[in-house]
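Biologist: Please take me through the helix packing in this model, with the criteria behind each value. I shall ask about one contact at a time.

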Amino acid sequence: MIRLDVRQWFPVERLALLSMLESLQPTDWARPTVCPGWTVHDIVAHILNDYLRRLSGSRDGYGGAVFADDETLPAYLARVNDEFVRAMRQCSPATMIDLLSHLGPQLDAVWADIDLDGPAHLNVSWAGAATSPAWLDIARDYTEYWVHQQQIRDAVSAPGADEPRLLNPVLVAFLHAVPFALREHPRPAGTAVGFDITGPAGGHWALISDGSRWDLVAGSVPDPAAAVRMDQDTLWRLASRGISAEQGRQRAELHGDSQLAEAAASLLAVVL
């Protein structure tokens, strides 16, 4: 695994978000987004819900989650996210901006106090490991905030916050989903899959097999058994399912072992 420390980028990402939100017109808040049934107002409410849930759980140790009978984690998250978003439709954009501005620095302080190499408060299911390191849990949250900001920007035609310093950590975090995507395709130890991402925030990575599992490493490898090449926009949209796995493969270049290449190019880095 490639260890990440994204904590310095939370305030920068949030400043870009708040600046953009403050520039929106009232009609912009009602614009539809890629999230089915959700407007810009709804995604902002969802980000606020993420802040509140993290502060309550990771800072305060409050376990307020109540699952319905036989409810799976994806079903629970879909239900409570929708409930919160619908309730927040009574709140003004200015109120939500104020809350994000007030709670964001408190969340930054939570991250600052966490041992990055200790156990995660919330395991990252899409990375596959039974126990995740804290740094991956924190990086997962960063990707969530960044992706939601981009969904808002797409809806209101306001590009931004995609410079390499903000986007590269998102790409690297999402690449931690590739070993899990390859889990059903074991290969002899030393087998490699190259993964190249084009664009200013991109780079070269590889997945190396130990005979039973795959590990993500930085850099290129000679003569990989398979190779995937896609641009940075495709990678983050694919991993967050802003585009389908099929659309992602159509926008990528795949070479070598077709099973490995197609599996690697189907990475999923959200809970569905």
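Biologist: At what angle do helix 1 and helix 4 pack?

Modeller: This is a predicted model, in which local features need pLDDT of at least 70 and side-chain atom pairs count only at pLDDT 80 or more, while totals for chains, interfaces and linings use all residues. Residues are numbered from 1 along each chain as its sequence is written, and side-chain values use heavy atoms, with hydrogens and water left out. Helices (H or I, at least four residues) and strands (E, at least two) are DSSP runs numbered from the N terminus; axes are lines fitted to C-alpha atoms, for helices over the stretch in contact, with angles from 0 to 180 degrees between N-to-C directions. For helix 1 (residues 9-22) and helix 4 (residues 93-112), the axes are 10 Å apart and the packing angle is about 175°.

Biologist: Which relative orientation do helix 1 and helix 4 therefore have?

Modeller: Angles under 35 degrees count as roughly parallel, over 145 as roughly antiparallel, 65 to 115 as roughly perpendicular and the rest as oblique. The angle here is about 175°. Helix 1 and helix 4 are therefore roughly antiparallel.

Biologist: How many charged residues does the contact of helix 1 with helix 4 have?

Modeller: Contact means heavy atoms within 4.5 Å, and residues including R14 and E22 in helix 1 meet residues including D108 in helix 4. Ala, Val, Leu, Ile, Met, Phe, Trp, Tyr, Cys and Pro count as nonpolar, Asp, Glu, Lys and Arg as charged, and the others, Gly among them, as polar. Besides 9 nonpolar and 2 polar residues, the charged residues number 3.

Biologist: What is the handedness of the crossing where helix 2 passes helix 3?

Modeller: The axes of helix 2 (residues 40-59) and helix 3 (residues 73-87) come within 9 Å and cross at roughly 115°. That makes helix 2 roughly perpendicular to helix 3. A crossing is left-handed if the near helix is turned anticlockwise from the far one by less than a right angle, and right-handed if clockwise. For helix 2 and helix 3, the crossing is right-handed.

Biologist: How many nonpolar residues does the contact of helix 5 with helix 6 have?

Modeller: Helix 5 (residues 134-156) and helix 6 (residues 164-175) pack at about 125°, with axes 9 Å apart, which makes helix 5 oblique to helix 6. Among the residues that meet are Y142 and W146 in helix 5, and P169 and F174 in helix 6. With 1 polar and no charged residues, the nonpolar count is 10.
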